[in-house]
Amino acid sequence: MTLPQGLVPRPSRIPKTPAPDGACDSHIHMLAGRDEVPLWDGRVEDPAPNLLYADFMAAYIKQMQDLGISRTVVVQSILYGTDNSVTARAVADLNALNGYAARGIGLVTDAATDADLDRLVAQNLVGVRLNYVHGGVLSWAGVQAMAPRLAARGLHVQMLINTHRHMVELAPQIAALPVSVVLDHIGWPDLALGPDELGFQALLNLLKTGNVFVKLSGLYRLCPPPYTAADTFAAALVAAAPTRCLWGSDWPHIMLADAEQPDSATLLEALARVCPDKETWHQILVDNPAALYRF
């Protein structure tokens, strides 16, 4: 079966407000050429054609330079399943560059062994990802069972959920985990329901527990540019827990579905709109990721 092809990454540009020194892009994916690394049989998309790992890496480094980013969190792409080799390579290559630093988020199954988790740690991968929206190779029950072993290694859980569908039910269980939990894409809410929706309100309350973080990312999956339709949601998250907010570009913007391929500078400018002052801007881009990802 022929699968859809991802788009070539959009050229980067300098934003109106460049990021401060030490800023972190807390959510990207790194890809490779189709013949360089085996692709997972369960994927729904292939990487953009005619690009190799070196091409993706060069394009991302150019984006880092344009945005003013010097730290990065590389999140394992489901295109490769549990083969975390591209993510681990990208983390190592970025850490080898003068003035740059990187961490990674890996993907494991419910059956992950202690050796599997130790391998993540050795590769500078600091967490595991669960896709609660679309499913995948790791389940919520698997995360709950694995959580003590994650905690023992200083690993955390990164989750993709829909606040309006899942948060009311999951909030007490998330709060009970012995590890930090990072929620992707502002909780991927239904913007039409407004920020007073019970699930989004549950997220705001959960952030105040001190164990949960949220990424102000993925706005382009929720509304068209310049993403002002998401401002009230992002601003509410910042107001509720500025020390628990992170920012990510989600580059290179794979599996777009009906979304428009974004410009990462516009996504950074969307963050600037909801930061009330320079201190909050610095907190979200520098201080919070430095603490969570141990830069």
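In this predicted model, the largest nonpolar core contains 92 residues, and the members that touch the most others are Met30, Met159, Leu237 and Leu271. Helix α1 is the element that gives the most to this core, with seven residues. Apart from the 92-residue core, there is a second, separate core of 10 residues, whose members include Val73, Val126, Val182 and Leu292.

The surroundings of Met30 can be followed in detail: leaving aside neighbours within four places in sequence, Met30 is in contact with Tyr53, Phe56, Met57, Tyr60, Val74, Tyr80, Val86, Ala90 and Trp251. Two of these contacts, Val86 and Ala90, are among the buried residues of helix α2 (residues 85-95), which also include Thr87, Ala88, Val91 and Leu94. The cover over the buried residues of α2 includes α1 (53-67), β2 (69-75), β3 (101-106) and β4.

Tyr60 and Trp251 form a tilted pair, with 5.2 Å from centre to centre and 45° between the planes. Because Tyr60 lies in helix α1 and Trp251 in the loop between β8 (245-247) and α8 (264-274), this pair ties together parts that are 191 residues apart in sequence. Both Tyr60 and Trp251 are buried. In another pair, the ring centres of Phe200 and Phe233 are 4.9 Å apart and the planes stand at 75°, so the pair is edge-to-face. Phe200 belongs to helix α6 (residues 198-207) and Phe233 to helix α7 (residues 231-240), so here the parts tied together are 33 residues apart in sequence. Phe200 and Phe233 are likewise buried.

| Pocket | Volume | Lining by class |
|---|---|---|
| Largest pocket | about 660 Å³ | 14 nonpolar, 10 polar and five charged residues |
| Second largest pocket | about 180 Å³ | four nonpolar, five polar and two charged residues |

The lining of the largest pocket is made up of 29 residues, and those nearest its centre are Ile78, Asn131, His134, Leu160 and Met255. Strand β4 (residues 125-131) supplies the largest share of this lining, three residues, and β4 is also among the elements that cover the buried residues of α2. The second largest pocket is lined by Thr82, Asn84, Ser85, Leu107, Val108, Thr109, Ala112, Asp116, Arg119, Leu120 and Gln123, and helix α3 (residues 114-122) gives the most to that lining, with three residues.

Technical notes: Residues numbered from 1 in each chain as written. Predicted model: local features only at pLDDT ≥ 70, side-chain atom pairs only at ≥ 80, totals over all residues. Heavy atoms only, no water. 1 Å grid on protein atoms, 1.4 Å probe; cavity = no way out; pocket = protein on both sides within 12 Å on 5 of 7 lines; lining within 4 Å. Points joined across faces, edges and corners; volume = space filled by probe spheres on them. Helix = DSSP H or I, 4+ residues; strand = E, 2+ residues; numbered from the N terminus. Nonpolar A, V, L, I, M, F, W, Y, C, P; charged D, E, K, R; others polar. Buried < 20%, exposed > 50% of the residue type's maximum accessible area, 1.4 Å probe, protein only. Contact = heavy atoms within 4.5 Å. Core = buried A, V, L, I, M, F, W, Y, C linked by side-chain atoms within 4.5 Å. Phe/Tyr/Trp six-rings, centres within 6.5 Å; stacked < 30°, edge-to-face > 60°.
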